[in-house]
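Hello,

Here is the structure I promised to pass on. Please have a look at it first, and then read on for what turned up in it.

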Amino acid sequence: MTDTYRHKGMRRRLVETLRSKGIEDKRVLAAVEKIPRHFFLDKAFEEHAYEDKAFPIGNKQTISQPYTVAFQTQLLAIKKREKVLEIGTGSGYQAVILGALGARVYTVERQEDLFHKTKKLIRFFQMSNIRCYLRDGNNGLPEFAPFDKIIVTAGAAEIPEALRMQLKIGGIMVIPVGKKVQKMLRITRISENEWTEEERGAFRFVPFLSGINKRAGRG
Ligand code: SAH
């Protein structure tokens, strides 16, 4: 995998596009400028890696649109060393963006194929602050809870109770909720049993599913 001046130039233009669409957080924009998104796409889509679009990554899943990644990351207001739970590792791009911001990232994927493929790719970035788990995100990661921040990158019909409970008091969760179209919710846990909710626009994600999807051809 190589990152050329041409790729870097395309990333700078992508950052300009994100800025024009309202992304203001300088650290988020710097992370997008730094991380080669073409590493996360199949060769066939490499030419399009710096368009502000979602693309298929196999197993009926997609790498989120850069605007969506930047928007969700900005809503999370990540500080260095914070513990962040991501549900939906997918291509790994969002996890690596969070890693570049200095978060301690725990990312969960339910599809075994994607989990293995992406874990390998993430290793390539040598970010020791990112850990990958093959799990059903409905349960969160109880053994590492509570988290400062939680990000869900698949469209959920409702907010999984386990995720609410695994948020620190004062912590923030960003989750798209809804069936065909999702509203982006930013949830803050304000006490042991109180959460506030803000709505931040409409998005389209692949569905948040239940259970683990084992590797094809394996018993
Ligand atoms: N963050 C990803 C977006 C991937 S698309 C990226 O940057 O590329 C959403 C991912 O969520 C898919 O890979 C899908 O398999 C996964 N997913 C859906 N429901 C899940 C669940 N219950 N637990 C874990 N992962 C889930």
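**The cores**

Phe125 touches Ile35, Pro36, Phe39, Phe40 and Val96, leaving out residues up to four places away in sequence; touching, or contact, means heavy atoms within 4.5 Å. Before going further, please note that this is a predicted model, in which local features need pLDDT of at least 70 and side-chain atom pairs count only at pLDDT 80 or more, while totals for chains, interfaces and linings use all residues. Residues are numbered from 1 along each chain as its sequence is written, and side-chain values use heavy atoms, with hydrogens and water left out.

Phe125 is also one of the residues that touch the most other members of the largest nonpolar core, along with Leu18, Ile23, Ile35, Phe40, Tyr93 and Val96. That core has 48 residues. A nonpolar core here is a set of buried Ala, Val, Leu, Ile, Met, Phe, Trp, Tyr and Cys residues joined through side-chain atoms within 4.5 Å. Buried means under 20% relative accessible area, exposed means over 50%, and partly exposed is in between (1.4 Å probe, protein chains only). Among the elements that each supply at least two residues of this core are helix H1 (5–20), helix H2 (26–34), strand S1 (55–58) and strand S7 (167–177). Helices (H or I, at least four residues) and strands (E, at least two) are DSSP runs, numbered from the N terminus. H3 gives the most to this core, with six residues. There is also a second, separate core of 21 residues, which includes Ala154, Met173, Val177 and Phe208. As background, nonpolar side chains tend to be buried together in soluble globular proteins.

How many of the eight residues of H4 are buried? Seven are, so H4 is largely enclosed by the rest of the structure. They are Tyr93, Gln94, Ala95, Val96, Ile97, Leu98 and Gly99. After H4 comes Gly102, with a positive phi near 90 degrees.

Thr107 sits in strand S4 and is buried, at a relative accessible area of 0%. Its side chain makes polar contacts with the side chains of Glu86 (2.7 Å) and Thr89 (2.8 Å). A polar contact is a pair of N or O atoms within 3.5 Å; within protein, one must be able to donate a hydrogen and the other to accept it, and residues adjacent in sequence count only if both atoms are side-chain atoms.

On a 1 Å grid over the protein atoms alone, a pocket is an open set of points where a 1.4 Å probe fits, with protein on both sides within 12 Å along at least five of seven lines; lining residues have an atom within 4 Å of a point.

The largest pocket is lined by 35 residues, with Gln61, Thr62, Thr153, Ala154 and Val206 nearest its centre. Its lining divides into 15 nonpolar, 14 polar and six charged residues.

The lining of the second largest pocket includes Phe39, Phe40, Asp42, Lys117 and Leu121. Helix H5 (residues 112–124) gives the most to it, with four residues.

**Some backbone details**

The peptide bond from Ala145 to Pro146 is cis, with omega near 0 degrees, and Pro146 lies in the loop between S5 and strand S6 (147–152). Lys60 is not a glycine, yet has a positive phi of about 60 degrees. Lys60 lies in the loop between S1 and S2 and is exposed, at 81% relative accessible area. Ala77, also not a glycine, has a positive phi of about 45 degrees. Ala77 is in the loop between H3 and S3 and is partly exposed, at 34%.

Best wishes

Definitions and conventions: Ala, Val, Leu, Ile, Met, Phe, Trp, Tyr, Cys and Pro count as nonpolar, Asp, Glu, Lys and Arg as charged, and the others, Gly among them, as polar.
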